[in-house]
Structures are given as C-alpha cells and as structure tokens.
Amino acid sequence: MSDSAPAIASEPVAPVADLPSGEPIPPPSAAAALEPITSVNEKKPQPSPAALAKALYASDAFLARLNKCLSTPTGIDTVLLLLCYTSKFSASILGVLSRSILQRSLREWLAVIAGSVPPGAKTAVVVDSKTAAAVAPAAAKALVHAKRLNALSTLLSEARTMTRLWALVGMYFWGKGVFAKAAAVWRAKRNPSSLSASEKEQLPSTTEAAISLLQFSLCVALQVLENGAYLSSKGVLGWQPARIGKAYLWSARFWAAYVGIEIGRLLALEPKERWKEDSWKGNLAKNLAWAPLTVHWSSEKGLVSEMVVGLLGSIPGLVQMRELWASTA
C-alpha cells in the first residue's frame, strides 16, 4: 500500500444494543448556549488616536521633568541614590524569597528520590545550578535577577563615589560662607556697635556658628578620607590595603558624627524656627535613616543585613527624589 492511500477506519462497529434510543436529545447546557461565538478573523479593539496622543504627551512631560532632574550634579546624585538602594533592597527581597522556595522544592525533590531508592542502597545526589533550575525554575530566575540587581547597586554606588571626588570644590564655597558668618559673630561680640539691629538679627548665635564650623570640618575630613581610599583602591594613590580600610572606617565615623549633630540641631529648634527650615521633616527623616547606617559602616564587622541597608538607604532617596521632582514642576 502506498503512502498516499487513505487510511481505513479500524474502529469496531457499534452493536445494536449501543444504538441511540428513541428518547429525545437533551438540550445543550446553559453555559454552552450562552457562550458567544467568536470569529477567527475578529480584530481586537485598537486604541484611539486621542488615547495615543495622551500617552505620548504624558511620556514627553515625564521625560522633560526627568531631564531637569538630571541637569545638575545634585539631581544626578539623587537619582543614583534612589536607584542604588532600591535595587539593593529589591535584590535582598528576591534573594530571600527565592532561596526559601528553592530549598523547600529541593527537599521535596530529594524526598521523592529517597523514596524510589531501594532500602540499603547508597546513592549520591549532586545538586547544581541546572538541577535547581529544573526543580524550581521561578526561584532560579529570581536568583538571577537578584544577582543582577546587586551588580547594578554596586555599580551605582561606585558611580556616586566617583562623582563625590569633586565635592571638595563645593565644600570650599560652603566653608567660605561658614567662616564669614563665624567671623561676623566674633566681630559682633567684640564690638556690638559695629553692626546695625537688622544685621544682628540675621546673624546666627555663637552656638549655631560653632555647630556649623564643626559640621563643616567633619565633612571635609570624611571627604578627604573617602577620596584617598577610593583613589588608592584604583591604583591612583599608594595607600596600602590596611590604610584604605581604616580610611573608609574613619570616613564613616566622621559622617556618623555629622549625622548625630544634625539630628540634635534639628530637634533643638523651636517649633516656630522649624518652619523656617526648608523641609525640616524631610531633613529629619533622612538623617534618622542615615544614623544606623553610618554606625553600621563605622563598625569593622557591621551591624545590619544588606536588606536593612537597602531599606534604610531607600528612605533618603525617596525623600530627596520627592523634593527634587516637586522642584521641577
């Protein structure tokens, strides 16, 4: 028989007893009766030109505001800060969840294998990445994404460190203002008649001037140490690894001291003076979030997990991004 010959039905002929009876055929079910008949060539509804124009306008407005955010060094650092710590936090969440799912799936898989092995037999089971991906593919993919998010966070952190190499230039002008106010306070104390009443009202108190000088000194010290450690780690400077580690530790300690002083300064303000501060609540929230992190980085062994670091670091990023986004409206 050739390949083109039609196939002959091989099913047996139903006996007489299996023939349909004379009873009426039951009606179709309600679900089948109500099921709509769809055509194969039926087209899905397309978005209207007005909806497309609205979406394009919204995208254009978003990109315009984002471009304003990225037009200044402070705006760039704020965007990088937000992405850095939110990606670290997301990576930690994905890692914890995927590992727990993967461990549970592997235990169940090993239990099945153990049940199929004859009693007394010795069997070695090797679990590698391919096995894990086959047992729990979703968890394995989540681990891959967590690894990539961690790599992104590390890259963004290094980018922020690199851009801070030029922070000392801005601190020079900050220091000029701090020392000018401190000198004016000193002159006013020595010769009160040299200033008018309005000029005296604008001058900070002696305590405020001293706090500003201390915070400025701490920021200069921490930035010099961070710059030296980072450049040495890249081979630009010749610091030894032990010195690099100590520089990073002391840089974080100076930062912790600055944050502690800033929290105390903000809390010491009277209610009527707090409204004079630009975003008093935002500054307090940022420094309260930075406080445990600076202590964590000041310790050689650390104090909190990477998930906590990502969570707390995301708070200043969200606060600063909210303020930056509002300023570009």
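At what angle do H8 and H9 pack, and how far apart are their axes?

1. **What you are looking at.** This is a predicted model, in which local features need pLDDT of at least 70, side-chain atom pairs count only at pLDDT 80 or more, and totals for chains, interfaces and linings use all residues. Residues are numbered from 1 along each chain as its sequence is written, and side-chain values use heavy atoms, with hydrogens and water left out.

2. **H8 against H9.** The two helices pack at an angle of about 155°, with axes 8 Å apart. Axes here are lines fitted to C-alpha atoms, for helices over the stretch in contact, and angles run from 0 to 180 degrees between N-to-C directions. H8 and H9 are therefore roughly antiparallel to each other (an angle over 145 degrees). H8 passes H9 in a left-handed crossing, meaning that the near helix is turned anticlockwise from the far one by less than a right angle. By class, their contact has 18 nonpolar, 4 polar and 3 charged residues. Ala, Val, Leu, Ile, Met, Phe, Trp, Tyr, Cys and Pro count as nonpolar, Asp, Glu, Lys and Arg as charged, and the others, Gly among them, as polar.

3. **The span of H8.** Helices are DSSP runs (H or I, at least four residues) numbered from the N terminus. H8 covers residues 206–233, and its 28 residues should span 40 Å at 1.5 Å a residue; the end C-alpha atoms are 41 Å apart, which agrees. The expected span is 1.5 Å times one less than the number of residues. After H8 comes glycine 235, with a positive phi near 85°.

4. **A glycine in H9.** Glycine 245 sits in H9, residues 241–268. Glycine 245 is partly exposed, at a relative accessible area of 33% (buried is under 20%, exposed over 50%, partly exposed in between, with a 1.4 Å probe and protein chains only). Its C-alpha is 8.9 Å from that of glutamate 300, 55 residues apart along the chain.

5. **H11 against H12.** H11 (residues 280–298) and H12 (residues 306–327) pack at about 150°, with axes 9 Å apart, and are therefore roughly antiparallel to each other. The residues in contact (heavy atoms within 4.5 Å) include Trp290 and Trp297 of H11 and Pro316 and Glu323 of H12. This contact has 11 nonpolar, 4 polar and 2 charged residues.

6. **H5.** Buried residues of H5 include Ala139, Ser153 and Arg160.

Note on methods: Angles under 35 degrees count as roughly parallel, over 145 as roughly antiparallel, 65 to 115 as roughly perpendicular and the rest as oblique.
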